[in-house]
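The following questions and answers examine a single protein chain, beginning with the confidence of the model.

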Amino acid sequence: LFPLSTSCDSVLPPKWMESMEEDLIPVTATGNAHRPPRKGLRHLLIALALVFLVGQGVIIAILVFAVKTHQDVQDVHTSMKDTRDALNVMAKSMTAMSDEVNNIDDTVTTTRDAVNTVSMRTEDINDMVNTVENVVQATSNELDTVNENTIDIGGQVDQLSIRKYAVPYVPPRKIQWWRGTCWDFGTLSVVEHQYRLQGLANGWLKENEFLKISEQAYANTTLELCKDPKNKDLCDMPGDQVAWGSANGGEVPLLYYFRDVYKTHIVPWEVCPYIRYTDDSSCTNLEEALATGNPITFEMTQFTSLYDIPTIKQQLREKGHVMSWSVPLHSTYYYRPCFDEEVCKPGTDTCTPCPLDKNFGTPCCTVETRPCYNMEGEYFQHGQLVIEGGHAMTIVGYNDDFMVKSGSKGGFILRNSWEDGMVSFDEFGTSLRPRGSHSIAYWMKEISEMDERVICPNAHNPRNWYACSGGETDAAKIIPHCVSDRAAHTARLARQPLELKCIDADECIIGADTSYYALNTTTIGDDLGHMCFLEYNKSTEAGRTLCPSARPIDLYSMIFNVTEEEEVANNDDLCGFYFFPYELLEHAISRLTGFFVNDFEIEFDECAYLHNKDKCPDKNYKWVESSMREQQAMPKFATPYPNDIALERLWKHALDHHRRTLRHRRPSRSWSR
């Protein structure tokens with residue numbers, strides 16, 4: 001459709017206008033016109049038809065748009081209806097929620113009332129608690145006052161779970177031989193250990209290094225101090241001899257009494273090596289060592305005496321160093337059955353009645369007096385305690401779970417100054433007594449017994465002799481089991497002596513042609529051992545069983561001994577430790593006198609160490625350098641059967657070392673203070 005206009009020029013296309021102008025009838029001046037041509041009219045009709053068709057299309061488009069719009073309106077209407085339904089549902093839900101909220105408000109109100117009630121009661125309870133706390137505090141204050149001087153026997157709760165403990169880097173044991181100088185060794189072992197710990201802590205010593213200090217010089221200095229009349233009261237203790245010119249008997253606290261002298265007068269081992277015999281006063285280089293600048297100087301910062309088991313254990317853990325141990329020693333008594341009426345006739349003074357609570361098989365017994373320790377290095381009690389003297393050692397640890405052969409459980413681990421093996425009272429080899437010891441690892445139950453025999457074989461201990469009977473009882477059948485290569489190989493792997501020799505002519509045959517082999521052991525009577533042996537003649541290849549009378553098992557070492565080919569000495573770097581049960585200590589404390597532990601702390605000057613000699617040009621380090629030693633490390637055992645190559649070499653080395661030194665070794669003493 002064309003828009004309305006007063007002129008066709010603005011609507012019709014130019015070509016059309018030109019055509020129409022040609023078709024117009026011209027008007028002349030006279031008013032006559034020409035007739036319009038037919039071609040222009042036809043074009044006009046076509047234009048009108050096109051206008052009509054376009055109008056129809058527009059109308060159809062409007063109708064389609066209207067139909068679509070109507071459909072959209074219907075959809076909107078439907079959606080609004082759904083929305084209205086959803087709003088109705090929500091309205092119902094909100095109504096229900098409102099009801100729930102109202103219920104919650106009611107519950108909250110009820111709870112608030114209950115809380116207020118509880119709060120009021122809590123205030124009453126708090127008042128009561130405050131009253132009780134005041135009473136408890138008052139009672140605690142009274143208890144503190146009452147127990148002001150008592151000893152804490154329990155320690156901290158967390159400490160009670162530590163059932164075993166041993167201090168590290170304990171130097172090797174040293175032997176006091178036949179002199180009563182245990183107090184000397186018990187004192188200086190603490191000095192040596194603290195010297196080593198401080199050197200390690202500051203990087204002045206290697207892990208396997210330690211300084212060996214002279215007990216000989218310490219005894220010499222002590223005797224000189226005790227000569228002074230003003231010091232007599234400090235030196236003169238019951239049973240001691242230092243106040244009277246002999247080192248056979250002294251006390252550990254002397255280090256504290258004379259600390260102002262000892263702090264410059266303790267010297268290295270090589271100044272005065274220890275003398276085994278009775279020359280107490282000899283110390284050839286002491287004056288020179290002191291005059292030329294002795295580097296070993298220290299200050300004693302603390303000295304404490306302890307008397308009960310829990311405190312000793314706690315102090316040992318907290319301080320981490322060894323402490324001196326002084327204890328009374330006692331004798332034990334055994335009843336041995338006597339079947340020889342010529343020796344012990346019933347009804348006469350020669351017969352000691354056997355205890356009725358034991359089955360001895362005879363009414364008469366003999367009484368055997370024994371020391372209070374066995375060849376395992378275990379102290380024990382058997383019968384009544386009869387004091388015999390005193391002894392000083394060094395406490396290095398404890399184990400609450402180790403059980404000794406006598407049945408006591410738990411005790412202290414002590415470094416002793418006694419020799420192992422068959423030792424004697426004097427330098428002449430008379431009155432032999434058997435002794436043995438173990439390593440710290442053994443008492444701590446860190447290794448097996450077979451592992452321990454690599455380190456501390458205790459070859460003289462009858463408990464360690466290899467039994468080769470093979471379950472047979474007839475001598476003829478036993479011989480092949482005992483003299484075979486298989487038995488020798490098995491005994492060697494187990495580190496147990498196989499072939500024995502006789503050393504008591506009253507009990508067996510002494511001679512190179514006769515060997516003895518342990519068969520079995522039974523227990524009878526008063527905790528006595530009854531051992532049987534095979535007596536084998538190498539020349540005739542004949543044998544018989546021999547069963548000496550029952551006795552404490554250790555005493556069989558007084559009848560038989562290992563051959564030189566099989567004897568292996570204990571490792572002095574790692575052995576030398578004994579075990580003292582708590583039960584025995586408690587009995588000793590209650591019945592005997594003289595038990596105490598001394599703990600002292602020492603701070604060494606840095607010039608005391610060879611590592612710092614360049615800082616201290618005024619000191620003479622000749623003796624320190626020659627007294628430095630290296631300690632063998634504890635072997636690492638992976639299994640309970642130490643049959644690997646490295647341990648074989650260790651065993652053979654120990655055997656070779658023992659054979660080399662056996663020719664030069666003098667007999668040693670068993671008993672000493």
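Q: What is the mean pLDDT of the protein chain?
A: The model is predicted, and pLDDT expresses the predictor's confidence in each residue on a scale from 0 to 100. In the protein chain, 84% of the residues reach 70 or more. The mean pLDDT of the chain is 84.

Q: How many contacts beyond four places in sequence does the model have for residues 20-34?
A: Across residues 20-34 the pLDDT stays under 50. Residues 662-673 likewise have pLDDT below 50, and that stretch has 57 contacts beyond near neighbours in sequence. For residues 20-34, the number of contacts beyond four places is 13.

Q: What percentage of the residues of the protein chain count as buried?
A: A residue is buried when its relative accessible area is under 20%. The chain has 673 residues, and its secondary structure comprises 16 helices and 18 strands. The chain exposes about 36,300 Å², of which carbon and sulfur atoms supply 55%. The buried share of the residues is 44%.

Q: How many residues does the largest nonpolar core have?
A: The residues with the most contacts inside this core include Val191, Ile266, Trp325 and Phe604. A second, separate core has 14 residues, among them Cys502, Met531, Phe533 and Val562. The residue count of the largest core is 75.

Q: Which tyrosines are in contact with Phe604, leaving aside its neighbours within four places in sequence?
A: Phe604 is among the residues with the most contacts inside the largest nonpolar core. Its partners beyond four places include Val191, Gln194, Gln198, Ile296, Thr297 and Phe298.

Notes: Residues are numbered from 1 along each chain as its sequence is written. This is a predicted model: local features need pLDDT of at least 70, side-chain atom pairs count only at pLDDT 80 or more; totals for chains, interfaces and linings use all residues. Side-chain values use heavy atoms; hydrogens and water are left out. A nonpolar core is a set of buried Ala, Val, Leu, Ile, Met, Phe, Trp, Tyr and Cys residues joined through side-chain atoms within 4.5 Å. Buried means under 20% relative accessible area, exposed over 50%, partly exposed in between (1.4 Å probe, protein chains only). Contact means heavy atoms within 4.5 Å. Helices (H or I, at least four residues) and strands (E, at least two) are DSSP runs, numbered from the N terminus. Accessible areas come from the Shrake-Rupley method with a 1.4 Å probe; for residues, only the protein chains shown count as cover.
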